[in-house]
Amino acid sequence: MSSANQDATRERIEAELDDPLRALGLDIEAVEITPAGKRRILRVAVDKDGGVTLDEVAEATREVNRVLDGSEVMGEQPYTLEVTSRGVDRPLTLPRHWRRNTSRLVKVTLADGSSLTGRVLSSDDEKATLDVSGQRHDVAYAAVKKALVQVEFNRPSGSGDVSVEEEA
């Protein structure tokens, strides 16, 4: 499948899933289609404020399956469906990502090439405020080249990265 066709398919899938997943209180964070031999892997990442539980991922998996079974968007080629939480390895690209990671440690690379690591204190639609070594720094999203949550092994457990797979 060409890149343009894959992008169009991904956009159609996202459009078909948006309302049903919003009804479950979930946002679509990513839709990825990856070739795997004669099959494809369709990964749908979901999230919500406070993170998602394994039960919510399982419910989202059932809903995605129901929607795609009633649709022609995936065509006739078999695929494996994987619905997962956003995970810490995905970059912070939207204001809601920053909001959902309040109190988490993030490494930010700015457009000017400099970088800083700090804890997210607060965020709004334009910027995030970080605690960097005891100093408050406002970081405008427009100035961010890349921002990633840092894994902290001694951080109290709250919401983990959960995943459910299902054959279609």
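Author: Let me begin with a term: rings of Phe, Tyr and Trp (its six-membered ring) pair if their centres lie within 6.5 Å, and planes under 30 degrees apart count as stacked, over 60 as edge-to-face and the rest as tilted. This is a predicted model, where local features need pLDDT of at least 70 and side-chain atom pairs count only at pLDDT 80 or more, while totals for chains, interfaces and linings use all residues. Residues are numbered from 1 along each chain as its sequence is written, and side-chain values use heavy atoms, leaving out hydrogens and water.

Reader: OK, so how many aromatic pairs does the structure hold?

Author: It holds 1 aromatic pair. Trp-98 and Tyr-141 form this tilted pair, with 5.6 Å from centre to centre and 35° between the planes.

Reader: And why does the pair tie together parts that are apart in sequence?

Author: Trp-98 belongs to helix α3 (residues 95-100), whereas Tyr-141 sits in the loop between β7 (135-140) and β8 (144-149), so the pair links parts 43 residues apart in sequence. Helices (H or I, at least four residues) and strands (E, at least two) are DSSP runs, numbered from the N terminus.

Reader: Are those two buried or exposed?

Author: Both Trp-98 and Tyr-141 are buried, meaning under 20% relative accessible area with a 1.4 Å probe, protein chains only. Of the 168 residues in the protein chain, 40% are buried.

Reader: Switching topic, which elements does the chain have?

Author: The protein chain has 3 helices and 9 strands, and from the N terminus on they run α-β-β-α-β-α-β-β-β-β-β-β.

Notes. Buried means under 20% relative accessible area, exposed over 50%, partly exposed in between (1.4 Å probe, protein chains only).
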